[in-house]
Amino acid sequence: MAEERKKSRIDDVARSIYDVKDAVEYAYKADAGLTEDVVREISAQKDEPDWMLEKRLAALALYRKLDIAPWMPDISELDMDHIDTYVRPKTDMKARWEDLPENIRETFDRLGIPEAEKKSLAGVGAQYDSEVVYHNVQEEMERQGVIYVDFETAVKEYPELVKPYFGRLITPNYHKFAALHYAVWSGGSFVYVPKGVDVKMPLQSYFRLNAPGAGQFEHTLIIVEEGAKCHFIEGCSAPRYNVANLHAGAVELFVKKGATLRYSTIENWSKNMYNLNTKRALVEDDGHMIWVSGSFGSHTSCLYPDTVLAGDRSSCEFTGITFAGKGQFLDTGSKVECIGRDTHLSIHSKSISKGGGAAIYRGVVHIGPKAAGAKGAISCESLMLDNESRSDTIPDIIIENDNIDLGHEAKIGRIPEEDIYYLMSRGLSEEDAKAMLVRGFAEPISKALPLEYAVEMNRLIDLEFEGSIG
Amino acid sequence: MSELLRIENLHVSVGEKELLHGLDLTVRAGEVHVIMGVNGAGKSTLLHAIMGNPAYTVTEGRIWFEGQDITELSTDKRARLGLFLSFQAPISVAGISMENFIRTAKTAVSGQQQRLFPFKRLLKARLQDLAMDPSYAERYLNDGFSGGERKKSEILQMRILDPKLAMLDETDSGLDVDAVRIVSKNISDFHNETNAVILITHLNQILKFIRPDHVHILIGGRIVKEGGPELVDEVEANGFDAYRSLAGEA
């Protein structure tokens, strides 16, 4: 049905859309590099309560102390002294697209966000560099008590909800870049779904990093109360510059008893981006966490959404695809920690590497001593499209309990020549045949994505093949 | 009648091994050709060489299609000129729906965008012709299909792509009696004065429904005997032994 999808609004998206750089004047830009003054200045600019400034300063001290994890891919080209930690666009946050400055509005128009909001979303947030510039949620959602606001607003208006959760799941000492995140965080989304409320349409936040040499450090916190349901979509993109950009967001998700949260991401950062993002979910009794993750962009990615199955009968599913092209090193995977009894996990990861790119699956499944009755299946499939490309599977499984059932399978392969020949015998050019076979490989993931993201993903695959074969 | 395919002195190798040793064949519009021969005689090799399978190398000789030398042409370009091969063992691909695949192929060979709803109708009608459930349109390409279903899937593609020259490699093997009848009916419905069919078959069942104009007996990489439909009966009565000596095989 991909053809039908092509008829939708994404039809004309090309890489060039993500690459359009806006000439924007900034209202405020923190000095490059990371000092206490910079952190104080960010906090002052945001007019924050003291508790938040104290958290920032403590995190900064921690950042200076912590070492980079030894297994991480090479990030030596990332020079923190040349990353702008805070870039505020020259606008306040608006609730109407028309009220945004024209160049910022055009950017989101090109990305199709306002259009998608009209059609199929219950709420939208749009972040431009360090600040959220647009936020809106359907009245119906508000009536049911759903809160969906930018993170600064949440800190000011809902401290009683934010304070107990902020930094609890991803602590500043989780790793070096988590500490960095807490020192300079800016923007992001806060979602609160009250007990029993089923948010039928997805909420979507879109993160756009426009300023060259800048960092984006948004914080996302979602609380889904008992028996409630929510689908959150996160999209990311940036134009390409010759200097390194850094993304070190943090996503903390709380899935209460019997609640369900689906978190979908399509990440298409430009290929100068260091994407060192951290995501973690805590799932209580009978709760269900679903991750759908597509990683296409960035120069280097380290991304391993982590699910803590704390409650009895809690469960999680992770479905992810990673596509590493020329010059990309994408180290992605997933982590699950089983603590409660009778938990259930399923990890389904696919990766594609091409043109010398490296796609690494790195995963940890940790079944604790009390997690009796844990069941799970892990499958990793990799497709290497040429001899220069690289693919590795590094699954770490720690089992401290006899009463479990866990299966693991990994497969690394190439597109069979006879498959390409078969498709070509039906008139498809070599590049079209390969693109179609890769789309087929990615189908289990695109099926799990919202329609317009599935279309975008197929477009991204096609773009990788356009003119790539001589 | 106009000439579609002309092959002259075709030598084909896989790796170092020569499998076809100088073959001539001419196919005109409106004709049905049958190629018979023992296993390993080079029948499939011939069809793959005509289709341009990169695993097979033409070391000598030329292939023309409608007067154009296609010996060096890539497979997809041959398909777009109007050649079609029904594979003996079609592959399957999970994740690509039949409808999406065939519609993409139809767009490629016809050079025209296929509008969604007219195409859906066409696909449904052709599935019906093959006694296949409409739900096959949504299924992944040949994925989980039985041997017989795969052969029907090939014929489905042939009918929709509507090539000028359809080469069918043992399309009847693995089919039950009813399926042979259905597939044969589809082939004869497809066939007309403007196109041609080359059939490879071990069985005579299909030839009860489709009468060939020309029969070629291929043994040891050479065509050793050619004739009309009467050759089919001759082979059925006597087997291939009589022709082995013609190929220089004892």
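## A helix across a sheet in chain B

In chain B, helix α1 (residues 43–51) lies across the strands β1, β2 and β4 (57–65), and its direction makes an angle of about 70 degrees with β2(B). Helices (H or I, at least four residues) and strands (E, at least two) are DSSP runs numbered from the N terminus, residues are in contact if their C-beta atoms, placed from the backbone, lie within 7 Å, and axes are lines fitted to C-alpha atoms, for helices over the stretch in contact, with angles that run from 0 to 180 degrees between N-to-C directions. This is a predicted model, in which local features need pLDDT of at least 70 and side-chain atom pairs count only at pLDDT 80 or more, while totals for chains, interfaces and linings use all residues. Residues are numbered from 1 along each chain as its sequence is written, and chains are lettered from A and ligands numbered from 1 in the order in which they are written.

The sheet under discussion is an open one of 4 strands in the order β2-β1-β4-β5 (chain B), with antiparallel pairing, where two strands pair if DSSP finds at least two bridges between them. Its edge strands are β2 (17–28) and β5 (68–69) of chain B, each of which pairs on one side only. Strand β1 (residues 3–14) of chain B is joined to β2(B) by 9 bridges, and the two run antiparallel; B:Arg6 stands opposite B:Thr26 in β2(B).

## Overall form of the two chains

Chain A has 13 helices and 25 strands, and its C-alpha trace spans about 65 × 55 × 45 Å along its principal axes. For its 470 residues a compact globule would have a radius of gyration near 23 Å, and the 21 Å of chain A agrees with this; the radius is taken over C-alpha atoms, and the globule rule is 2.2 Å times the number of residues to the power 0.38.

Chain B has 8 helices and 12 strands, and its C-alpha trace spans about 55 × 40 × 35 Å along its principal axes. With 250 residues, a compact globule would have a radius of gyration near 18 Å, and chain B, at 18 Å, agrees.

## The ten-stranded sheet of chain A

In chain A, 10 strands form an open sheet of mixed pairing, in the order β4-β3-β7-β10-β13-β16-β19-β21-β23-β25. At its edges stand β4 (131–137) and β25 (404–413) of chain A, each with a single partner strand, so one side of each is left without a neighbour in the sheet. From one strand to the next, the twist averages 5 degrees.

Strand β23 (residues 374–384) of chain A runs parallel to β25(A) and is joined to it by 10 bridges, with A:Glu409 in β25(A) as the bridge partner of A:Ser379. Helix α13 (residues 451–465) of chain A lies across β13 (260–268), β16 (288–295) and β19 (315–324) of chain A, at about 30 degrees to β13(A).

## Helix packing in chain A

Helix α3 (residues 36–45) and helix α4 (residues 50–65) of chain A pack at an angle of about 155 degrees, with their axes 10 Å apart. They are therefore roughly antiparallel to each other, a term for angles over 145 degrees. The contact involves A:Glu36, A:Val39, A:Arg40 and A:Ser43 of α3(A), together with A:Met52, A:Leu53, A:Arg56, A:Leu57 and A:Leu60 of α4(A). By class, this contact has 5 nonpolar, 1 polar and 3 charged residues, where Ala, Val, Leu, Ile, Met, Phe, Trp, Tyr, Cys and Pro count as nonpolar, Asp, Glu, Lys and Arg as charged, and the others, Gly among them, as polar.

α4(A) also packs with helix α10 (residues 176–184) of chain A, at an angle of about 150 degrees and with the axes 7 Å apart, which makes α4(A) roughly antiparallel to α10(A).

## Where chain B touches chain A

In the contact between the chains, 25 residues of chain B meet 21 residues of chain A. On the side of chain B that touches chain A, α2 (75–81), β7 (93–97), α3 (98–110) and α5 (147–161) of chain B each supply at least two residues, and α3(B) gives the most, with 6 residues. By class, this side of chain B has 15 nonpolar, 7 polar and 3 charged residues.

How values were computed. Contact = placed C-beta atoms within 7 Å. Parallel < 35°, antiparallel > 145°, perpendicular 65-115°, else oblique.
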